[in-house]
Amino acid sequence: MLRLQTYDPELGWIAEPREPENPDGLTWPPALDRRPKAWFFGDSFIAGGGNSIPALFEALRPEWQSLNYGVGGYGLDQIWLRYRRVSEHIPPGAPVLVGVLTYDLDRSALRFYAGFKPIFRRVNGS
């Protein structure tokens with residue numbers, strides 16, 4: 001079950017931190033670990049745990065560090081907004097992997113899933 005840590009007005013919810021001092025569960029700055037980074041975004045299939053896609057990637061390719069930005073219950077809209085928020089920290093040319101399932105599109109149309117969240121609406125053609 002997704003345990004919610006905090007509500008974010010743009011993203012809706014953010015999962016419980018992986019480390020108490022860092023809501024994204026990352027060691028900042030990422031350069032502390034000198035391995036090249038692979039940036040992962042998505043829902044619970046990305047967020048996972050010890051057997052998440054980023055963890056499996058890092059186990060298969062230990063010369064890379066996986067930065068996991070997956071959050072359980074996220075829709076395509078939230079995945080994109082989270083990527084947009086973090087993208088300024090991603091070096092040019094760094095691999096970005098996005099896990100998308102059909103459920104993620106359905107979740108984009110919901111106002112409530114694991115918590116209340118903003119949704120995109122077309123207003124005046126925008």
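Me: Why is N68 called buried?
Reply: N68 has a relative accessible area of 10%, and buried means under 20% relative accessible area, with exposed meaning over 50% and partly exposed what lies in between (1.4 Å probe, protein chains only), so N68 counts as buried. This is a predicted model, in which local features need pLDDT of at least 70 and side-chain atom pairs count only at pLDDT 80 or more, while totals for chains, interfaces and linings use all residues. Residues are numbered from 1 along each chain as its sequence is written, and side-chain values use heavy atoms, with hydrogens and water left out.

Me: Why is K37 counted as buried?
Reply: K37 has 12% relative accessibility and therefore counts as buried. K37 lies in strand 3, and its side chain reaches the backbone oxygen of R35 at 2.5 Å and makes a polar contact with the side chain of Q65 at 3.1 Å.

Me: How do you know that both faces of strand 3 are covered?
Reply: K37, W39 and F41 on one side are buried, as are A38, F40 and G42 on the other. Strand 3, residues 37-42, thus has six of its six residues buried, where strands (E, at least two residues) and helices (H or I, at least four) are DSSP runs numbered from the N terminus.

Me: What makes strand 3 a partner of strand 4?
Reply: Two strands pair if DSSP finds at least two bridges between them, and six bridges join strand 3 to strand 4 (residues 65-70), with the two running parallel. Within this pairing F40 stands opposite N68, and the bridge partner of F41 is Y69. Three bridges join strand 3 to strand 5 (residues 96-98), again in parallel, and there W39 stands opposite V96.

Me: Why is one side of strand 4 and of strand 5 left without a neighbour in the sheet?
Reply: The open sheet has three strands in the order 4-3-5, with parallel pairing. Strand 4 and strand 5 stand at its edges and each has a single partner strand, so one side of each has no neighbour in the sheet. The twist averages 20° from one strand to the next.

Me: How do you know that helix 2 packs on the sheet?
Reply: Helix 2 (residues 53-60) touches strand 3 and strand 4, and its direction makes about 175° with that of strand 4; axes are lines fitted to C-alpha atoms, for helices over the stretch in contact, and angles run from 0 to 180 degrees between N-to-C directions. Helix 3 (residues 76-86) lies across strand 3, strand 4 and strand 5, at about 150° to strand 3.

Me: Which residues touch the most other members of the largest nonpolar core?
Reply: Of its 13 residues, these are L11, W39, F41, Y69, Y74, V86 and I90. Strand 2 (12-15), strand 3, strand 4 and helix 3 each supply at least two residues, and the largest share, three residues, comes from helix 3.

Terms used. Contact means heavy atoms within 4.5 Å. A polar contact is a pair of N or O atoms within 3.5 Å; within protein, one must be able to donate a hydrogen and the other to accept it, and residues adjacent in sequence count only if both atoms are side-chain atoms. A nonpolar core is a set of buried Ala, Val, Leu, Ile, Met, Phe, Trp, Tyr and Cys residues joined through side-chain atoms within 4.5 Å.
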